[in-house]
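Here is a short briefing on one helix and some aromatic rings. Keep the structure in view as you read.

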Protein chains: 2
Amino acid sequence: MNEFKQLSQQMRQAVNAEMKAVLHAAETPPDLYYGMMHYHMGWRDEQLQPADVNAGKQIRPVICLLTCQAAGGDWEQAVPAAAAIELLHNFSLIHDDIEDGSPTRRGRKTLWTIWGTEQAINAGDSMFALAHLALNRLVDRGVAAETAVHALRRFDETCVRLTQGQHADMDFERRDAVSVDEYLAMITGKTAVLLSLCTELGALIAGVDETAVHNYAQFGLNLGLAFQVIDDILGIWGDEALIGKSASTDILTKKKTLPILYGLSQNGTLRQLYEQENTDEAFVQQAIEVLNTTGAREYASERATFYSQTSLQHLEEAQPTGPAFTALNQLSAMLLKRDF
Amino acid sequence: MNEFKQLSQQMRQAVNAEMKAVLHAAETPPDLYYGMMHYHMGWRDEQLQPADVNAGKQIRPVICLLTCQAAGGDWEQAVPAAAAIELLHNFSLIHDDIEDGSPTRRGRKTLWTIWGTEQAINAGDSMFALAHLALNRLVDRGVAAETAVHALRRFDETCVRLTQGQHADMDFERRDAVSVDEYLAMITGKTAVLLSLCTELGALIAGVDETAVHNYAQFGLNLGLAFQVIDDILGIWGDEALIGKSASTDILTKKKTLPILYGLSQNGTLRQLYEQENTDEAFVQQAIEVLNTTGAREYASERATFYSQTSLQHLEEAQPTGPAFTALNQLSAMLLKRDF
């Protein structure tokens, strides 16, 4: 077993125990208030009976704890931060599913389809409050109050960025033209700042100096950007068997991803094509052909390489050590070394 | 001018300045992300042009600051807490309006009717995060980090109670039978815990001992309960000219308030009556007659008196002093001395 697998298994267990404590999962049966949240977390089924459903990869809390350890801290002290970030992420999923009208998530019905939009909005609000309470538990593990206040401030500044990203994402849906810069700002808010919070809080709790905290934060931020841009590339040119979804979906649904927005900014033919109401296989073929001639793939690949390199540069500058550093490198490689 | 009027005017100004700083109101024109929140606060109109609309009574932040002062503290130090509570209250209004489908608030269109449910959910989330950032500013006013962490914990524990109250309130809508105890638990969450947070944080920042903090918190809690029960009584037997709404509305809409729930628990005739689909003036008259015979008014009045007395008892035990104490008494009298 490599370092990442070994450490992440142990860390995930600690994070799940912490989240269960914060969400009162030991009270059985839970009332509907907590039950809805337990369902979302995969701990209960629709009838609020015990369940053990895939709760996603939980990459975020693991990165937080690995960073803490690699920065010379005691990762167990950072467990409240890791749990808070995972709860924050899950709160945002509950509200995103309502805002996007998504009927399913991780192969199960979304909260709002079972208990209605009104109660689902409220369940999201509850989980948002509980995520804060999770983070507040840092002081129970001996973290200094000054550090906890600072962590809470960065947590909520990140929440503001997340909601700005979500605001922009929904705004793009109703707009014709979106610039490449606007898109990069949006994915920074929707994806990258949360990964940046993971690494920043891990470093903060380890107690390294301001410069090192900054480097760890930039490692997370650029890792998030690289991951998202690679995802955009795979959404058009990826190997279907490898990525598990049809590579043409992003074009069929006219999703505004980086290569598309770059192509639209460069090429009138693509703009005309995208004004068509209906899309089909022929549309996809045409669009990919035009995209290839505009250099959209090269542009996106260049961005992905830049973010990847910047990310790893900052990690190196932070001077991490030990098996947790090895594990961070293994994880980065997994997230970034996808064939593009 | 009495003490309350004099102090509250000054305090409201400070709180509004603080909220404007947190919500970046100086940036003109605001982008739509902040603009939606500025509209909700009454600072901007629908076109995001400057406006100065009645922002409600802002009783909560004023009680917080008066308590801090009456407990021997410097109220200006507690301004971040007062601003945070008012922002928390406004976040909950944004989501409540969506959950209740309310088209107007304070005589203006609600956020979701102008910008859609999706963006309004997100705007509420943003204001929730910003309310936390407001509270975090306590440390910028010289409040100890330990106190700030404690205040933040109580803030989020209160948010959990608020969402539990809202959960129960929505749950009652779809249920036939609601007990008097369930109702009291619900209004504790929806109304009383927020007032309790106001007085608790004011006392905490003043730095009084644990017993005094407890007494101030109980003062606020019982004040909130008394206020809500009096409101329920006025909703049936109040003087229309005095309360500004038809006294029969609560019966016409079959609203489950304390006197009604007490009556339903005591009287089969009322239960039968309430099974009727349609309601009219005759229905209202009949219902009031039956309510009068069940002693529902006496029961509710007795509860209101109990909460009022308990509230003032705790205030006295906390041993407040000075003009802010006089102002707290004046405010309590205004809220409680309504003819029931």
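The expected span of a helix is 1.5 Å times one less than its number of residues. Keep that rule in mind for helix H3 of chain B. The model shown here is predicted.

**Helix H3 of chain B**
- Helix H3(B) covers residues 59-70, which is 12 residues, so it should span 16 Å.
- Because 10 of its 12 residues are buried, H3(B) is largely enclosed by the rest of the structure.
- The buried residues include Ile59(B), Pro61(B), Leu65(B) and Ala70(B).
- Among the elements covering them are helices H1, H4, H7, H8 and H15 of chain B.
- Just after H3(B), Gly72(B) takes a positive phi of about 95°.

**Aromatic pairs and a cluster**
- Over all chains, the count is 13 aromatic pairs.
- One of them is stacked: Tyr262(B) and Tyr299(B), at 4.2 Å centre to centre with 10° between the planes.
- Tyr262(B) lies in helix H11 and Tyr299(B) in helix H14, so this pair ties together parts 37 residues apart in sequence.
- Tyr274(B) and Phe283(B) form a tilted pair, because their ring centres are 5.5 Å apart and their planes are at 50°.
- Tyr274(B) is buried, at 12% relative accessible area; Phe283(B) is buried too, at 1%.
- Phe91(A), Phe128(A), Phe91(B) and Phe128(B) form one aromatic cluster.

**Charges over rings**
- In chain A, the charged end of Arg108(A) sits over the ring of Tyr39(A), 4.0 Å from its centre.
- In chain B, the charged end of Arg303(B) sits over the ring of Tyr307(B), 4.9 Å from its centre.

Note on methods:
Residues are numbered from 1 along each chain as its sequence is written. Chains are lettered from A and ligands numbered from 1 in the order in which they are written. This is a predicted model: local features need pLDDT of at least 70, side-chain atom pairs count only at pLDDT 80 or more; totals for chains, interfaces and linings use all residues. Side-chain values use heavy atoms; hydrogens and water are left out. Helices (H or I, at least four residues) and strands (E, at least two) are DSSP runs, numbered from the N terminus. Buried means under 20% relative accessible area, exposed over 50%, partly exposed in between (1.4 Å probe, protein chains only). Contact means heavy atoms within 4.5 Å. Rings of Phe, Tyr and Trp (its six-membered ring) pair if their centres lie within 6.5 Å; planes under 30 degrees apart count as stacked, over 60 as edge-to-face and the rest as tilted. A charge sits over a ring if NZ of Lys or CZ of Arg is within 6 Å of the ring centre and within 35 degrees of the ring normal.
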